Amino acid sequence: MSPIATLPRLFGSLFYYAPNSINFNVLKPLLYQLPDLFNWDDLIDIKKYTDALKTQLIEDDQAVNHAALQYEFSLLFEGQGVMRVPPWGSVYLDSENSLMGESAISYHNFLMDNHLSLDTGINEPEDQFGLMLLSFANLIEINKDDAAIDLLEQHFYPWALRYLDLLISSNISEFYATLARIIKAYLIQLKEDLHLIPVVLELKF
């Protein structure tokens, strides 16, 4: 795996796969290595957040069937109850806050143009936060750097930081809020490092 793709693949997977899944548990050890996986501007905060994640995961490992973290994942990503922090871009960018709005259709066309097919086994919106990071990682790994930049500037950054801010302030999950703080720091630094100029779109959520 390309070193540049390591973090988006890790973050994307953790924001897509449930805590009781094989994918989540295979990647869990990488969380403890986060301070060493990127040239962080604020390494002190990243180490603090990483220690917090480790403590939260140890506590969850001691819980019966990891029920607490699994429930938090369901609230945040599976639509159990009222979704206070929806993880789909079109909710933030579409005038009616609907899934599969115009922004989602535009993103689908982008994926098709770049021959990316998301075969997740279920019929679901492609503009899910974790899935978009995984698509970004895929483009890097196949050396489609221009398309990777387009994904970030045109489809991801216009709403991603707003989503992370809502997740951080939601009080739904200490674990995912801590992870969101790390991902936000990563995205802000990545924007500077790659000299990204995201399109500015009116947020509807």
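Trainee: What places Lys-48 and Asp-45 about one turn of the helix apart?

Mentor: Both sit in helix α3 (residues 43-61), three residues apart. A helix here is a DSSP run (H or I, at least four residues), numbered from the N terminus. By the way, this is a predicted model, where local features need pLDDT of at least 70, side-chain atom pairs count only at pLDDT 80 or more, and totals for chains, interfaces and linings use all residues. Residues are numbered from 1 along each chain as its sequence is written, and side-chain values use heavy atoms, with hydrogens and water left out.

Trainee: Why is the contact of Lys-48 with Asp-45 called a salt bridge?

Mentor: The term needs a side-chain nitrogen of Lys or Arg within 4 Å of a carboxyl oxygen of Asp or Glu. The closest N and O atoms of Lys-48 and Asp-45 are 3.6 Å apart, so the pair qualifies.

Trainee: What makes Arg-9 and Glu-141 a salt bridge?

Mentor: Their side chains meet at 3.0 Å, N to O, so they pass that rule. The pair links distant parts of the chain, with Arg-9 in helix α1 (residues 3-14) and Glu-141 in helix α7 (residues 129-141), 132 residues apart.

Trainee: How many salt bridges does the rule give?

Mentor: Three. Another of them joins Lys-184 and Asp-165, with the closest N and O atoms 2.7 Å apart.

Technical notes
Helix = DSSP H or I, 4+ residues; strand = E, 2+ residues; numbered from the N terminus.
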